[in-house]
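Have the model open beside you as you read.

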Number of protein chains: 2
Amino acid sequence: MTVEPPVTTNMENLKKVHSRSKRDQIVQAAIKVFLENGYKATSMNRVAQEAGVIKATIYSHFKDKEQLFIAIIEELTVKKIDLNYEDLEPIMALSPDQFIDLISSKFSVLMNDPQYHRLFRLMVGESERFPELATIYVKTVIIRGMDLAIQYFDHHPELRIEDSAAMAHICAGSFVSLMAWQQVLGGNKIRPLEFSRVKNMLRALICERQNKYT
Amino acid sequence: MTVEPPVTTNMENLKKVHSRSKRDQIVQAAIKVFLENGYKATSMNRVAQEAGVIKATIYSHFKDKEQLFIAIIEELTVKKIDLNYEDLEPIMALSPDQFIDLISSKFSVLMNDPQYHRLFRLMVGESERFPELATIYVKTVIIRGMDLAIQYFDHHPELRIEDSAAMAHICAGSFVSLMAWQQVLGGNKIRPLEFSRVKNMLRALICERQNKYT
DNA sequence: ATGGTACCATACCAACCGGTATGGATGGTA
DNA sequence: TACCATCCATACCGGTTGGTATGGTACCAT
């Protein structure tokens, strides 16, 4: 399977031998390999090769494979996806139509990002072996995203939404599950369901509710 | 532990007469070990030990590890979950309220079944390495379940649902994603969201729509 | 120069992997 | 009785795994 390590002396990168850039090299390589192969099927030799680094160098920055894995998951969640807390005021002022457009555009990005699909696979697949990482993912990605919708619904009593958290979940869950079964599980090749159809249906559910009471 | 001595007449089996119960032992053990550890982290030695069988016996029934894995996934989908096609007539006659109760009760079972959570983890986690298995899962589980809801909405034009497939997805997706982030990812320990709240919100969205036009 | 640090290259380790081989025990069938 | 397939037990195979050891090189601050 694995080929013998290359004999190329690679110093093509910066001569900065200081640790920070080396650590980043390792993390970036580990992200790629872990996302492609999962935890158990990823070998440290492969990570070292991908990083252009010797294996002992990895172990001088990370205690073991598990710590490296934790580091890359944190990199992919708290440091990257971490939904930058934009000002809430202008968002709260949006019309329901505009708000649907806003969150749709955010989920649409995830729909079309193969790397995010791999992260999703990894988080779900390893959630029993690494429950603390699943917790990080829930806290930094899921809850933060849903809180935005909850606040919006709470600020718009004219929508007559009795349970804003449940409604926020229905919105977010519809989009996430669409990505899961269409992109991650490959349902788009069996029975495609357009993102816009779900978006429009959600909009109808929310906005026609509004009309009913105005 | 205890081996069943009497074997019923297995006529349908052509080649191996004595093998059926052994094969089932292996499959059941493999289900347990694969669901607990994932594909790569499952060793054939461990499966053999769990089945109370020697490793060579496994290889006399299955060509290799991959074929055994495929067999257990098929066992867990087409042969087990396979939503038994009950008569559609009585279901189509249900009121929206009753229909929501019906599908809620079905998803509620999955919500509280740890083995199904593990199957979900396995399917999502291995969907890139075993796309054909993900396809089986989509065809036998997801699509069959959604078709029921699609037909119901199509049979109830008074609900004024413009896109029955999108609506069916919103219902199913809301429940599945709830299981995913509450049970599979452990969100219930961070921010619990009751199944009944989502159910009631969905009912409100569907039924109040009906009232509006009657 | 000196010492310290960060890295590379290679080799090495015990443990385990998927899978096979051999040889003996059992039990049903003819 | 003899046969034959199934299964057990053990040992074995080449290869890979996570992780370590050794020894050497380039750099940097003193």
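What should the twelve residues of helix α7 (residues 114–125) of chain A span, at 1.5 Å a residue? The expected span, taken as 1.5 Å times one less than the number of residues, is 16 Å, and the end C-alpha atoms of α7 are 16 Å apart, which agrees.

A word on the source: this is a predicted model, where local features need pLDDT of at least 70, side-chain atom pairs count only at pLDDT 80 or more, and totals for chains, interfaces and linings use all residues. Residues are numbered from 1 along each chain as its sequence is written, and chains are lettered from A in the order in which they are written.

Helices here are DSSP runs (H or I, at least four residues), numbered from the N terminus. Nine of the twelve residues of α7(A) are buried, so this helix is largely enclosed by the rest of the structure; among them are A:Phe120 and A:Met123. Buried means that 20 or more other C-beta atoms, placed from the backbone, lie within 10 Å of the residue's own.

Now to the meeting of the chains. In all, 46 residues of chain B are in contact with 45 residues of chain A (C-beta atoms, placed from the backbone, within 7 Å). On the chain B side, α9(B) gives the most, with twelve residues. By class, that side divides as follows:

| Class | Residues of chain B touching chain A |
|---|---|
| nonpolar (Ala, Val, Leu, Ile, Met, Phe, Trp, Tyr, Cys, Pro) | 24 residues |
| polar (the others, Gly among them) | ten residues |

Chain B can be laid on chain A with an RMSD of 0.1 Å by a turn of 180 degrees and a shift of 0.0 Å along the axis. The two copies are thus related as by a two-fold rotation axis.

Conventions:
Contact = placed C-beta atoms within 7 Å. Helix = DSSP H or I, 4+ residues; strand = E, 2+ residues; numbered from the N terminus. Least-squares fit on C-alpha atoms with pLDDT ≥ 70 in both.
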